Amino acid sequence: MAALGLAITFLGFVLSVASLGLSSSNSTRLVIVLVGIVVSLGGIIGVINPAYQKNALWKK
Amino acid sequence: MTKRSLKILLCLATFGCLSTTGMAQGQAPGSPPAAAASVPVTSTDFKTTPTDRTHGDPDGSLTGTATDITVSSADAGLTIADVLNQIGANKIGINFAWTLLCGFLIMFMQAGFAVVETGLTRAKNANHTMMMNFMVYGVGMGAYYLIGFALQMGGAGAVANLGGSPVLNAEHTMHLFGKDFGLWGNTGYLLMHHGTYDVAVMVIFLFQMVFMDTALTIVTGTAAERWKYTAFVVSSFVMGAFTYPIFANWAWGGGWLAMLGANFGLGHGYSDFAGSGVVHSVGAVTALALGIMIGPRIGKFDRQGKPRAIPGHDLTWVLTGCFILAFGWFGFNPGSTLALSGNGGLRAASVAVNTMLAGMTGSFGAILYMWIRYGKPDASMTGNGFLAGLVAITAPCGFVNPIASCFIGLVAGVLVCLSVEFLDRFMRVDDPVGAVSVHGANGLWGVISVGLFADGKSNYGGSWNGVPGAVTGLFYGDGGQLVAQLIGVSTLLGFVFVMSFVVNILIDVVVGQRVSARTELEGLDIPEMGAVCYPDFVLKTED
């Protein structure tokens, strides 16, 4: 799961960089970059962290 | 009048005409021409050349005269070229002195970080925490000297304010979307490679090195009280050699983020005046990666996952450290002009005031939040609010006005409290000193705030990142700048975090990141360091 989370987090970055080639409109780029940031945050907060919390010390 | 005096008069009269012409070009239209051009220079304009200094110069009137100008040829005497060279040397000397002194101030921030972090941890781990903060300076500097500086600044080009040394000229690029993407520099290894044994390069190295070390020391706070010392050394070395320099190259070394304006029309490219993103966010996302990976301290959460406060052992150190850091910040932000003379150097005054204002409102934001929400003005969070304001203003300090600085700091003060609660209650990431919230949440806020509040009034030599004009944010008419800043945020979250995570997983596999439960309960000082910090104290050991 952590590996998947890392991939999702990295995908957010790829999306943001891709916005430079996908559009020359700054508004469109803004939307794509915001999506990229949300994807990366989702990867960190929603996937990687829960994967490590599954066997957290305080649960034992 | 001697022959030498006549030559001096002739030279200075000529130079006076030249410099007056130069100054007139910079005057506002309609202002009267400078009258000084028509006033002849006479021998009375010179300070008396002292022949007898046996009685000293108590009022300073005899010290600093034309005779102090270095003459290139004794036969020719003082020439106009000598005078002009002296002016150039003075300009660069002023900028060297400024940048070096600011670098020395930043170096002292390591002491601030050390006592803040140690004060916020328990006495049984004080030696370990201090030793991490002490050795991160040397470990980071070694890595940066060997590898990191070349990767970061090896393709940065000449810095005009520091003499324009052209030897940092090798940037490795990748062609994408029809443009060159600068990825890393490739000269300056060991400060000897390809002519980098150069005084201007030395100034740049010193200044950039202390920035890098600031980023590294952020991580030690989040991982405190459970991080294996060996893992800390390896992790810090890798961060100083690779993780930090790569992002710093993209932002400050002429890399692709800086060129988003010139290549893709996004404002002036990613603009981070003194490092909310480059320094603080890089440190904080690495800290977050480690915080997630090594897990919380024993006792931080109950079986239901409810956070419990683990108070630090010395609030005096915490708040004293905050002041040491704020003092060092006057090197961090104003020093990033890299000049007091020429190319916007005088803007350092505005940068310094913006910095102190944001720190002030940051502490107000945090103290008010804590007072209203919990009924008491929490000391450690007030200190963190102070630092949060300083972190947030670090990127925009060179581009915004004082009112915007106050607002940015105020938001930061509240944001740091919200972020601490989010990490504690929602993510259950244990961050003993609040480093992720202070440096991460507010580092990113600082980066974004450039794209919102930059007022277009700054002028650092007529252009920034190769784009003419001043950095201007969304609220002053340039939405493209905000997009550039957000791409920087996305890079920090999606690239730097992932890189840091992967590096530290490998370190975990090889040397292990976390100490044993027994060591943690006993306190890390004896098992890891071999000595306690306070041998005369009776320390409480957990069961």
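The following is a conversation about how some labels in this predicted model were reached.

Colleague: Why is Ser281(B) called buried?

Modeller: The relative accessible area of Ser281(B) is 1%, and buried means under 20%, so the label follows. Ser281(B) lies in helix 7 of chain B.

Colleague: Which residues does Ser281(B) touch, leaving aside those up to four places away in sequence?

Modeller: Ser276(B), His439(B), Gly440(B), Gly443(B), Leu444(B) and Leu492(B).

Colleague: What makes the pair of Ser281(B) and Leu444(B) a polar contact?

Modeller: A polar atom of the Ser281(B) side chain lies 3.4 Å from the backbone nitrogen of Leu444(B). The cut-off for a pair of N or O atoms is 3.5 Å, so the distance falls within it.

Colleague: How do you know that strand 1 and strand 2 of chain B pair?

Modeller: Pairing asks for at least two bridges, and 6 bridges join residues 171–176 to residues 179–185 of chain B, so the two strands pair. They run antiparallel.

Colleague: Why does Gly178(B) count as exposed?

Modeller: Gly178(B) has 53% relative accessibility, and exposed means over 50%, so the residue qualifies.

Colleague: Why is Leu191(B) called buried, and why is Asn465(B) called partly exposed?

Modeller: The relative accessibility of Leu191(B) is 7%, which is under the 20% limit, so Leu191(B) is buried. Asn465(B) stands at 23%, between the 20% and 50% limits, and is therefore partly exposed.

Colleague: How do you know that the length of helix 1 of chain A agrees with what its residues should span?

Modeller: At 1.5 Å a residue, the 21 residues of helix 1 (2–22) should span 30 Å. The end C-alpha atoms are 29 Å apart, which agrees.

Colleague: What do the buried residues of helix 1 of chain A pack against?

Modeller: In chain A they pack against helix 2, and in chain B against strand 1, strand 2, helix 5, helix 6 and helix 13. Among the buried residues are Leu6(A), Phe13(A), Val17(A) and Leu20(A).

Colleague: What makes up the interface between chain B and chain A?

Modeller: About 2800 Å² is buried, with carbon and sulfur atoms giving 79%. The count of salt bridges is 0, and the rule finds 5 residue pairs in polar contact. On the side of chain B that touches chain A, helix 6, helix 7, helix 11 and helix 13 each supply at least two residues. Helix 13 of chain B gives the largest share, 15 residues.

Colleague: How many residues are in contact on each side?

Modeller: For chain B, 40 residues, and for chain A, 30 residues.

Terms used. Residues numbered from 1 in each chain as written. Chains lettered and ligands numbered in written order. Predicted model: local features only at pLDDT ≥ 70, side-chain atom pairs only at ≥ 80, totals over all residues. Heavy atoms only, no water. Helix = DSSP H or I, 4+ residues; strand = E, 2+ residues; numbered from the N terminus. Expected span 1.5 Å × (residues − 1). Buried < 20%, exposed > 50% of the residue type's maximum accessible area, 1.4 Å probe, protein only. Contact = heavy atoms within 4.5 Å. Buried area = accessible area lost by both parts, 1.4 Å probe. Salt bridge = Lys/Arg side-chain N within 4 Å of Asp/Glu carboxyl O. Polar contact = N/O pair within 3.5 Å; in protein donor to acceptor, adjacent residues only side chain to side chain.
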